[in-house]
Amino acid sequence: EDIIPSVEIYSLLALSACANRAFGTCSKAFIKLESLDMLTSEQRLQYEDLALEIFIKHSPKDGKKSDLDSLPEGGEGKLPTCVVTGRPIADYQFWMCGVCKHCAHEQDISNHNFCPLCHNPVG
């Protein structure tokens, strides 16, 4: 929100969620949009009308299950993320940087000489 205006963030989120039939996420984005102080009453009414048009036809629930729902979670409820690819790490064997403690898939980090985050030698 420091770089991109909130209206643009939540508008893009609502648009992309609707296009992907993730109507639960779309609904949350519309709720955020409708609660922004910077909107005029006319703009707020337009967002409310659009949301009503969408959610009369579609229930505000996410239709697709995420691929991540089937993966086991770590101790804190989060999966580590590969610093090379950005994919979640579900393998039990992976590389961890000795300095920043971030993780990567072994096959992805093997192409690098340095940690992508802190530039510590991979060794």
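Keep in mind that the model is predicted.

I will start with the helix. Helix α3 takes in residues 41-57, 17 residues in total. At 1.5 Å a residue, α3 should span 24 Å, and its end C-alpha atoms are 25 Å apart, which agrees.

Next, which residues of α3 are buried? They are Tyr47, Ala51 and Ile54. Viewed down the helix axis, the buried residues of α3 fall within an arc of 65°, so they line one face of the helix.

What do the buried residues of α3 pack against? Their partners are α1, residues 6-19, and α2, residues 23-34.

The largest nonpolar core has 15 residues. Those with the most contacts inside this core are Val7, Phe30, Leu33, Leu36 and Tyr47. Two or more residues come from each of α1, α2 and α3. Of these, α2 gives the most, with five residues.

Tyr47 deserves a separate word. Leaving aside neighbours within four places in sequence, Tyr47 is in contact with Val7, Ser11, Phe30, Leu33, Glu34 and Leu39.

Finally, another core, of eight residues, lies apart from the largest one. Its members include Cys82, Cys97, Cys103 and Ala104.

Conventions. Residues numbered from 1 in each chain as written. Predicted model: local features only at pLDDT ≥ 70, side-chain atom pairs only at ≥ 80, totals over all residues. Heavy atoms only, no water. Helix = DSSP H or I, 4+ residues; strand = E, 2+ residues; numbered from the N terminus. Expected span 1.5 Å × (residues − 1). Buried < 20%, exposed > 50% of the residue type's maximum accessible area, 1.4 Å probe, protein only. Arc of directions from axis to C-beta. Contact = heavy atoms within 4.5 Å. Core = buried A, V, L, I, M, F, W, Y, C linked by side-chain atoms within 4.5 Å.
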